[in-house]
Amino acid sequence: MATPIPSRQLFINGEWREPVLKKRIPIINPATEETIGDIPAATAEDVELAVDAARKALARNKGKDWASASGAVRAKYLRAIAAKVTERKSELAKLESIDCGKPLEEAAWDFDDVAGCFEYYADLAEALDAKQKAPVSLPMENFKSYVLQEPIGVVGLITPWNYPMLMAVWKVAPALAAGCAAILKPSELACVTCLELADICKEVGLPAGVLNILTGLGPEAGAPLASHPHVDKIAFTGSSVTGSKIMTAAAQMLKPVTLELGGKSPIVVFEDVDLDKAAEWTLFGCFWTNGQMCSATSRLIVHESIAAEFLDKLVKWAKNIKVSDPFEEGCRLGPIVSGGQYEKILKFISNAKTEGATILYGGARPKHLKKGFFIEPTIITDITTSMEIWREEVFGPVLCVKTFSTEDEAIELANDTHYGLGAAVISNDLERCDRVSKSFQAGVVWINCSQPCFCQAPWGGKKRSGFGRELGEWGLDNYLSVKQVTQYVSDEPWGWYQSPSKL
């Protein structure tokens with residue numbers, strides 16, 4: 001039975017609202033290439049309404065309704081949202097899968113993480129109460145000082161399509177926990193579940209204007225949000241090119257930004273490993289989420305002494321990956337999110353062949369699938385470090401391979417990139433893993449695995465992969481402003497100037 005797509009409007013000030021210009025964007029099922037519904041398309045006019053609603057939400061009742069309410073009050077809403085996500089997990093996973101193409105089982109896993117993220121930040125919101133007025137030790141006894149942590153204000157949250165609700169919640173949950181009011185602008189390529197998050201917020205009675213959700217195109221909705229003078233901060237996950245534009249717009253008003261951008265992450269496999277275990281983690285690190293991850297460990301750097309045997313293993317494992325409609329049982333690789341992305345990935349593969357690389361496995365549409373944006377898991381060898389396929393982010397199920405002979409060479413190859421989001425090392429020598437981890441120029445390092453992610457641990461990159469950290473306590477810090485309060489406690493006059501009464 002087909003999964004119906006709810007017809008929604010924009011979510012502004014706690015209500016569904018038709019876009020001012022009444023525009024809508026079709027939703028394409030990437031597995032069938034059929035139009036299955038549409039989403040509202042916000043423009044600058046709608047951004048204006050949402051920002052106004054957010055500012056009023058912060059000021060309402062002198063801030064007591066949200067911004068200066070206790071963390072415990074906000075935590076109740078976050079837990080209520082988490083409970084509703086869990087209750088609706090099956091329906092939400094189906095919508096996510098049909099919208100962005102990820103295997104249904106994987107989408108269901110994402111919603112466990114969504115609920116867990118709201119629960120985690122509910123706990124941190126409560127803990128924030130105990131941290132208020134934290135004393136600062138001073139060298140002078142006639143002063144006392146403490147610190148207040150306050151919401152940064154109205155925040156614009158611009159999120160990608162590869163984890164539509166999860167990536168949104170990585171920003172929404174800490175922003176709300178901190179007491180901010182938010183405008184979420186998810187990607188137009190996959191955002192159906194973000195509109196369902198609006199429905200959940202409405203259902204649990206989240207105060208009006210605290211979370212506003214605007215679907216629409218980047219230039220028409222994202223750009224006016226990023227440059228809006230009454231938005232106090234922008235948090236963005238997406239491409240490095242767009243991140244640069246957002247940073248430029250924010251710089252005009254000295255507006256803080258956090259950026260989680262692209263990646264071309266390495267996975268280094270040493271000669272002392274169990275080949276099957278290493279093969280599975282290597283493929284999982286690149287092909288999970290249909291290869292559409294900024295953190296994908298898509299550059300395999302393998303020791304020359306095991307390279308031939310390991311590549312043989314990789315091909316055998318890749319042949320065993322079920323590529324199918326995401327709703328089919330056992331699906332492990334679904335379609336690419338859109339026709340545009342599909343063509344872009346095939347062009348990367350074609351260019352690699354032209355430059356002299358070898359397509360060891362995959363590289364085309366699976367023969368059994370005549371429709372949909374499907375690409376076989378692809379392994380490419382005979383790479384040089386100057387090739388486009390080695391240097392540029394593909395954002396698809398494409399693994400490229402180089403060999404190394406020494407640890408130093410492996411580290412040099414791993415770090416020879418503009419990006420610095422993730423990196424992985426696989427070896428039974430844990431001292432070597434420790435050395436290599438310290439040498440990687442990356443914000444996230446995995447040892448003997450690839451891609452595990454927990455909302456308690458910090459996430460973010462270096463170099464052109466952006467700056468700032470999401471998740472963990474660091475994620476909450478993104479949305480807090482620190483205020484120093486210092487009091488003079490002595491009964492004695494300060495005495496710097498001579499008193500007129502004593503002249």
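Let's start at Lys84, a residue of helix α2, where helices are DSSP runs of H or I with at least four residues and strands are runs of E with at least two, numbered from the N terminus. This is a predicted model, in which local features need pLDDT of at least 70 and side-chain atom pairs count only at pLDDT 80 or more, while totals for chains, interfaces and linings use all residues. Residues are numbered from 1 along each chain as its sequence is written, and side-chain values use heavy atoms, leaving out hydrogens and water.

Lys84 has a relative accessible area of 19% and is therefore buried (under 20%; exposed is over 50%, partly exposed in between, with a 1.4 Å probe and protein chains only). Leaving aside residues up to four places away in sequence, Lys84 touches Ile200, Glu203 and Val204, contact meaning heavy atoms within 4.5 Å.

Helix α2 (residues 71-87) packs with helix α6 (residues 192-204) at about 125°, the axes being 9 Å apart. The two are therefore oblique to each other. Here, angles under 35 degrees count as roughly parallel, over 145 as roughly antiparallel, 65 to 115 as roughly perpendicular and the rest as oblique. On the α2 side the contact includes Tyr77, Ala80 and Ile81, and on the α6 side Leu197 and Cys201.

Now for some backbone angles. Most residues other than glycine have a negative phi. Asp382, however, has a positive phi of about 55° and sits in the loop between β15 (378-381) and α12 (388-391). Gln451 also has a positive phi, near 85°, and lies in the loop between β19 (444-447) and β20 (462-463). With 8% relative accessibility, Gln451 is buried.

How values were computed. Axes are lines fitted to C-alpha atoms, for helices over the stretch in contact, and angles run from 0 to 180 degrees between N-to-C directions.
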